[in-house]
Amino acid sequence: MVSSIAGFFKRKFGNRRGLLDYSLLFIVLFLLSFGLVMLYSVSSYEAAVEYKGDAAYYLRRQMVFTVFGLILMAGVSLIPYTFWKKVSVLAYLMSVGLIVLVIPFGMEVNGAKRWIRIPGLPMQLQPAEVAKIGVIILSAMIVEKLGRRALATMRGFVFPMIPALIVAVMLWKITDNLSSAIIVVAIVFGMLFVACPDYGKFIAIAAVVAVAGVAIVWYIVNSADTGSMGFRGERVLAWLDPQQYAGGKGYQTIQALYAIGSGGVFGKGLGQSMQKLGFIPEAQNDMIFSIICEELGLFGAISIMLMFVLLLWRFMMIADNADDFYGAMLVVGVISHISVQVILNIAVVTNMIPNTGVTLPFFSYGGSSVFFLLSEIGIVLSVARGMSRNELAKYGE
Amino acid sequence: MSRSRVVKGKNTRGGLKRFTISMQRKLAVLFGLVLLAFTVLGIRLFLINRDNGQIYKMQVLSQQAYENQTIPYKRGKIMDCKGTVLADSQLVYNVIVDSKAILQKDVYLEPTLDALESLGINRDRIREFITNHPASQYYIALKNLSYQNRKEYLEKVEAGIAQEVKNKVPAAERRYSNIKGIWFESGYSRFYPHGELACTVLGFSGSGNVGTCGLEEYYNDTLNGIAGRRYGYLDEGLNMEQTTIEATDGNNLVLTLDANIQSIVQKHLSAFDEEWKNVDHPGNGSNNTACIVMDVNSGDILAMAGTPFYNPNQPSDLAALVGMPKLDATDSPTDGYLTYKDILVMSDEDKPRYLNALWSNFCISEAFEPGSTAKPFTVAAGLETGTVKTDELHFCPGYKYVDEFEIKCHNRDGDGWVTVGQAIESSCNVALMEMAEEIGKENFTKFQNIFNFGLRTGIDLADEARTDSFVSDSTMANSMLATNAFGQNFDATMIQMISGFCSLINGGNYYEPHIVRKVTSANGTTLKTIEPRVLKKTVSEKTSEKIREYTIQVVEGRHGTGETARPAGYRIGGKTGTAETYPRGNNEYIVSFMGYAPAEDPQIAVYVVIDRPNYEYQDDATFATAVVRGIMQEVLPYMGFYMTEPVTDDEYEELEELGLAVTYTGDESPDKWEKKD
């Protein structure tokens with residue numbers, strides 16, 4: 001079936017030769033396998049408690065997601081990435097539409113309405129994940145169309161930002177998902193940083209954001225009535241002094257810190273975490289990295305971070321050698337996405353920023369994020385095919 | 001990989017076509033920034049470990065403390081000789097409420113309160129608790145929820161959740177899925193399936209498996225098991241090891257007591273109490289009406305009871321106190337009686353005093369002057385020492401002067417000339433006083449000791465009284481010897497009297513009275529069998545034969561005082577007792593009858609004591625003989641003794657009413673005293 005799809009695209013977009021980027025594929029498969037092992041270790045206790053002894057409940061589901069995700073990745077990698085440029089506006093509008101669909105068809109999990117039930121399938125779709133890929137596809141197209149001169153101006157920064165901001169505001173207001181909104185904006189910010197020739201405005205914006213952040217924190221700390229600011233205000237206070245809020249909003253953070261701190265250099269050993277025994281609720285989601293630190297220690301944690309560095313390095317190579325600007329921009333978008341998510345996730349578990357729900361790619365449990373993460377990898381693999389053709393062309397095929 | 005690029009395509013008007021070198025550079029900068037962020041995070045991880053690692057390690061370990069759980073054991077059962085369960089422990093649950101879990105989300109509160117209400121817990125009480133203790137994770141909302149109720153509840157909730165998932169009910173409207181913070185803690189609670197049956201024998205066991213009174217107290221350690229434990233510990237490599245030590249359930253008791261005989265006895269005691277309730281004064285039919293049924297040839301207790309009864313399932317229910325005598329400062333009964341009103345206003349200091357009186361086992365814990373039931377003992381001491389001859393005669397003018405006291409006979413007109421046997425038959429005090437004189441203080445007190453008066457019998461029940469301070473020694477006054485001869489001025493307990501009496505009629509074997517026949521393990525294996533134990537030889541078979549002869553005359557003789565004790569169709573022996581209580585002259589008496597059957601080959605002894613019957617003229621042993629008759633009439637056929645005596649028409653009618661007419665074999669040759677089985 002895969003070959004017939006490939007054949008269809010070959011006929012449609014011409015005969016594109018190219019090789020699979022085996023280095024990237026190896027890193028991705030390694031991270032996926034490692035992620036599944038850790039997910040099983042982290043989730044087995046809670047799964048056994050919640051699903052009547054079925055310790056492999058989360059693992060089994062995640063394996064199914066991963067297998068389908070890999071098929072999706074293979075399919076996408078066979079589609080020439082120029083296809084996405086043609087459908088970019090459509091893809092963007094679809095992701096906006098999905099967010100709107102949350103209003104009537106949304107499904108509440110853990111008190112937040114962020115998911116859409118897929119009829120006939122035992123899983124839910126998170127529109128935020130679709131939005132991230134939609135924004136990458138669209139922004140790459142806009143930046144390409146704007147041209148070099150425009151990118152040097154402020155307009156060249158603001159204009160591509162508008163669709164991203166629209167999606168971000170929708171994610172924030174409709175699905176109450178501020179972290180995804182921040183990620184979407186950060187992805188486009190990263191893409192523009194690479195595309196625009198200057199540094200000035202980025203430094204200025206970063207400075208403004210930093211000052212605004214400090215001001216907001218200062219305001220929350222000095223405000224008498226924190227209750228009126230909702231759960232986010234309290235999260236900021238819990239971030240500053242997790243011990244004080246150990247019984248409430250600071251609980252997860254302080255337990256994660258206990259996990260990290262008790263791991264030591266080489267950890268307690270795979271499967272030996274004590275914090276996963278009910279102390280860090282739903283550790284298989286956002287807090288998985290803290291259990292990894294507890295079981296595998298600093299050594300394991302830094303090894304995982306190095307694997308991500310390797311992945312991003314390979315992405316950078318692919319972007320640098322991409323066939324054209326659009327392909328490179330897609331890869332830069334994926335780089336931004338994955339690095340922002342990894343950085344935010346680890347920053348949360350180490351309590352460097354206030355607690356916000358960001359998953360760790362390849363490790364955290366969740367169908368939507370695996371599907372769209374692997375789709376993004378598929379796009380990168382597709383770009384990498386072009387690269388290899390160039391490489392071959394260079395040596396005079 | 002080559003970083004140089006093949007220049008291809010042009011930067012046309014349509015937009016960017018190439019990823020330029022400057023962009024590559026900026027991408028490298030971005031990559032560098034990401035690396036920097038990773039480095040910062042890595043340093044942060046390192047610092048957390050370096051600065052707080054030890055503290056956090058300890059925190060993690062200290063949090064594991066909850067893994068240390070006790071697994072409750074099941075306290076052993078108490079069964080009668082036929083296996084009827086008299087006391088059992090049931091698996092029950094405490095309902096624990098976790099405020100913190102409930103308060104996680106607003107939508108949890110109402111469904112959880114609904115669920116608690118369905119378990120019979122007041123929702124306002126829980127709502128108030130949760131509001132006041134939002135951080136509490138352990139609050140016992142309900143104790144002793146039955147296994148069945150819990151099961152029904154869990155099934156209902158499970159079905160409800162399945163239904164909600166199937167119907168895709170919105171999260172906020174889910175009634176069952178939003179139940180949070182309720183969990184169950186298992187334990188055992190003591191249960192007495194037959195309520196009042198054998199209450200004073202059993203005692204009761206409350207929380208913490210601590211037995212109070214009776215068997216529950218005496219055999220507390222046997223009945224209790226060893227609690228198990230589930231705990232986690234850390235091995236050298238800081239690995240969590242889970243270890244479970246299962247609980248060992250307690251051992252069971254199998255009694256000599258027969259629940260059927262016990263219920264016959266309790267029925268007749270209750271009937272007496274009902275009959276005489278509120279007759280002379282408001283209050284129970286007597287202060288105490290008590291009965292012991294004993295196997296003459298083994299010391300097995302077949303039944304033991306004393307009014308007022310209480311329900312060991314609710315031992316502290318004050319309603320059972322109504323009608324009991326009020327107690328004075330020394331806990332002795334007075335002439336006042338408790339009413340409902342008294343109970344409502346009873347002070348907290350008084351409650352335990354009265355409850356202790358309610359729970360006390362009259363048969364073993366209360367000492368009283370036995371009265372004329374002591375006469376066979378005096379005669380036996382005389383015959384055994386040879387100081388009293390079987391053919392001697394005594395003259396009774398109705399009184400006897402001892403030192404300066406005039407001591408009256410039972411029969412104020414005097415019994416005239418009486419033989420030893422007739423002295424017992426007509427309960428002549430004067431003849432007994434003269435015999436005691438012949439026996440002498442030394443021999444008399446020696447035999448009091450041989451008969452174990454004042455000493456514990458060693459019965460396996462809690463709170464057996466020792467009354468030796470109430471028994472005279474050989475330095476006593478003459479008047480003391482004279483009155484002791486007919487059972488006044490010394491105190492004994494019922495169990496002392498009947499144990500001694502059994503030895504008088506069974507050939508002189510004094511058996512240690514006991515109530516537990518076997519101890520079995522939780523799975524039914526016999527661990528220990530308690531065989532009948534002869535403590536001593538009190539009298540010779542010859543003396544025993546004489547005592548049987550005399551006591552049969554008490555029931556059958558022309559002047560016999562115990563005639564009304566004879567059940568239809570049977571020959572029995574026995575002795576009545578009517579003892580004045582202190583202070584003398586208050587017209588309050590303890591009346592009793594101690595009988596045995598069958599007459600020629602005694603198998604069971606029945607002793608009934610009525611402490612101050614609720615009637616103006618209390619000095620009448622027929623209160624007691626009637627109760628003994630009623631009990632024997634039903635117990636003897638139950639135990640398989642054939643009727644040997646012809647019954648009158650009236651008696652036959654009575655048997656028919658009891659449904660016992662079939663046991664009368666009429667003119668058939670009485671194959672005497674053989675048990676049916």
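One definition before anything else: two strands pair if DSSP finds at least two bridges between them. Keep that in mind for one particular spot. B:V293 stands opposite B:A303, which sits in strand 12 of chain B. Those residues belong to a stretch where strand 11 of chain B, residues 286–295, pairs with strand 12 of chain B. The pairing is antiparallel and runs over five bridges.

Now the wider sheet. Which order do the strands take? In chain B, the order is 12-11-25-24-23. That makes an open sheet of five strands with antiparallel pairing. At its edges stand strand 12, 301–306, and strand 23, 573–580, of chain B. Each has a single partner strand, so one side of each is left without a neighbour in the sheet. Neighbouring strands of this sheet are turned against each other by 5° on average, direction ignored. As a reminder, strands of a sheet pair through backbone hydrogen bonds, either parallel or antiparallel.

A helix lies across part of this sheet.

Next, the two chains. Chain B comes to 21 helices and 25 strands. Chain A has 14 helices and three strands. In chain B, 44% of the 677 residues are buried. In chain A, 52% of the 397 residues count as buried. In chain A, residues 24 or more positions apart account for 69% of the contacts with a separation of 6 or more.

How do the chains meet? On one side are 41 residues of chain B, in contact with 51 residues of chain A. Helix 1 of chain B, residues 21–63, gives the largest share of chain B's side, 25 residues. That side of chain B divides into 22 nonpolar, 13 polar and six charged residues.

On to helix 5 of chain B, residues 147–166. Does it lie buried or in the open? Of its 20 residues, the number buried is zero, so helix 5 of chain B lies largely in the open. Its length agrees with expectation too: at 1.5 Å a residue, helix 5 of chain B should span 28 Å, and its end C-alpha atoms are 28 Å apart. Just after helix 5 of chain B, B:K168 takes a positive phi of about 50°.

You'll find B:E406 in strand 17 of chain B, residues 405–408. B:E406 has 8 other C-beta atoms within 10 Å, so it is exposed. Leaving out residues up to four places away in sequence, B:E406 touches B:Y399 and B:Y401. B:S479 is 73 residues from B:E406 in sequence, yet 9.4 Å away in space, C-alpha to C-alpha.

Last, confidence. The mean pLDDT of chain B is 87, and 92% of its residues reach 70 or more. But pLDDT stays under 50 over residues 1–14 of chain B. Over residues 668–677 of chain B, pLDDT is below 50 as well. Where pLDDT is low, the predicted coordinates should not be read in detail.

Thanks, that's my tour.

Definitions and conventions. Residues numbered from 1 in each chain as written. Chains lettered and ligands numbered in written order. Predicted model: local features only at pLDDT ≥ 70, side-chain atom pairs only at ≥ 80, totals over all residues. Contact = placed C-beta atoms within 7 Å. Helix = DSSP H or I, 4+ residues; strand = E, 2+ residues; numbered from the N terminus. Nonpolar A, V, L, I, M, F, W, Y, C, P; charged D, E, K, R; others polar. Expected span 1.5 Å × (residues − 1). Buried ≥ 20, exposed ≤ 12 C-beta atoms within 10 Å, placed from the backbone. Axes fitted to C-alpha atoms, helices over the stretch in contact; angles between N-to-C directions. pLDDT = per-residue confidence, 0-100.
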